[in-house]
Amino acid sequence: MNETAAHVPERIKELREILEISALDMAKDTGIPFDTYNKYEKGEIDIPISVLYTIAGRLGTDVTVLLTGEEARMDSAAVCRKGKGVRIERYPGYEFSSLAYNFKNRDMEPLLVTLDSSRPTAPLVSHSGQEFNYVVEGQVKITVAKNNHILSPGDSVYFDARLPHGQCAMDGTAQFITVIQE
């Protein structure tokens, strides 16, 4: 886990305690099983970006606060220079950079995702909203429900994120842009 990701559980716990919300109430309010929520807060398991949005909503803050410890500042435009997004390693072989972390009250989350085929593929996930993936480099196998789609640079897919889905690099390293709308 990289340094930025390591602080996310600490920030969640700190904000929850400041707001005097018990861990049990937090789990109930967010619809997360208590055991799972407890593991998120202790940093024992990865917190999916969609869950970070749910937790941030319950805490009345922007997901940027959870990722960086700072408030998003921009409300008209937020430029993110190459290599300057907030980088999070979700798990070995799956890293993303938030490309709009500094924009206040955003309705979607654009991320640059880097995958490494030498690492194990993560289990499928599902979350509310819709998702768009656009391959920039390499080949990515995208699973949506029970369908696999092999995408190359320039290919894209748009899907209902409530369906179980996941991505993995086919050979070597691959990058894609994902836009998640909750």
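Student: Let a salt bridge be a side-chain nitrogen of Lys or Arg within 4 Å of a carboxyl oxygen of Asp or Glu. How many salt bridges does the structure hold?

Tutor: There are eight salt bridges in the structure. Please keep in mind that this is a predicted model. Side chains of opposite charge can pair when their charged atoms come close.

Student: What does Glu-109 pair with?

Tutor: Glu-109 forms a salt bridge with Arg-106, with an N to O distance of 2.8 Å.

Student: Buried or exposed, those two?

Tutor: Glu-109 and Arg-106 are both buried.

Student: How far apart are N and O in the bridge between Glu-70 and Arg-73?

Tutor: The N to O distance in the salt bridge of Glu-70 with Arg-73 is 3.2 Å.

Student: Why does Arg-73 count as exposed?

Tutor: The cut-off for exposed is over 50% relative accessible area. Arg-73 has 53% relative accessibility and therefore counts as exposed.

Student: Changing topic to the fold. How many helices and strands are there?

Tutor: The protein has five helices and nine strands. Read along the sequence, their pattern is α-α-α-α-α-β-β-β-β-β-β-β-β-β.

Student: What are the overall dimensions?

Tutor: The C-alpha trace spans about 50 × 35 × 30 Å along its principal axes. The radius of gyration is 16 Å, which agrees with the value near 16 Å for a compact globule of 182 residues.

Student: What share of the residues is buried?

Tutor: Buried residues account for 41% of the 182 residues.

Student: And what share of the contacts joins residues 24 or more positions apart?

Tutor: Among contacts with a separation of 6 or more, 62% are between residues 24 or more positions apart.

Student: Now the helices. At what angle do α2 and α4 cross?

Tutor: Two packed helices are described by the angle between their axes and the distance between the axes. For helix α2 (residues 23–30) and helix α4 (residues 49–59), the axes cross at roughly 115° and come within 10 Å. The crossing of α2 past α4 is right-handed.

Student: Which residues meet there?

Tutor: On the α2 side they are Met-26, Asp-29 and Thr-30, and on the α4 side Thr-54, Ile-55, Arg-58 and Leu-59. By class, this contact has three nonpolar, two polar and two charged residues.

Student: Staying with α4, how many of its residues are buried?

Tutor: Eight of the eleven residues of α4 are buried, and the helix is thus mostly covered. Among the buried ones are Ile-55 and Leu-59, and these two also take part in the contact with α2. Others include Ile-49, Val-51, Leu-52 and Tyr-53.

Student: What follows α4?

Tutor: Gly-60 follows α4, and its phi is positive, near 70°.

Student: Which residues other than glycine have a positive phi?

Tutor: Glu-20 is one of them, with a phi of about 55°. Glu-20 is in the loop between α1 (3–18) and α2. It has a relative accessible area of 74%, so it is exposed. Ala-145 is another, with a positive phi near 60°. Ala-145 lies in the loop between β5 (140–144) and β6 (147–151). With a relative accessible area of 29%, Ala-145 is partly exposed.

Student: Buried or exposed?

Tutor: Buried counts as under 20% relative accessible area. Thr-64 has 1% relative accessibility and therefore counts as buried.

Student: What does Thr-64 touch?

Tutor: Leaving out residues up to four places away in sequence, Thr-64 touches Gly-69, Glu-70, Glu-71, Ala-72, Tyr-101 and Arg-106. Two of these were discussed above: Glu-70 forms a salt bridge with Arg-73, and Arg-106 forms one with Glu-109.

Note on methods. Residues are numbered from 1 along each chain as its sequence is written. This is a predicted model: local features need pLDDT of at least 70, side-chain atom pairs count only at pLDDT 80 or more; totals for chains, interfaces and linings use all residues. Side-chain values use heavy atoms; hydrogens and water are left out. Axes are lines fitted to C-alpha atoms, for helices over the stretch in contact, and angles run from 0 to 180 degrees between N-to-C directions. Helices (H or I, at least four residues) and strands (E, at least two) are DSSP runs, numbered from the N terminus. A crossing is left-handed if the near helix is turned anticlockwise from the far one by less than a right angle, and right-handed if clockwise. Contact means heavy atoms within 4.5 Å. Ala, Val, Leu, Ile, Met, Phe, Trp, Tyr, Cys and Pro count as nonpolar, Asp, Glu, Lys and Arg as charged, and the others, Gly among them, as polar. Buried means under 20% relative accessible area, exposed over 50%, partly exposed in between (1.4 Å probe, protein chains only). The radius of gyration is taken over C-alpha atoms; the globule rule is 2.2 Å times the number of residues to the power 0.38.
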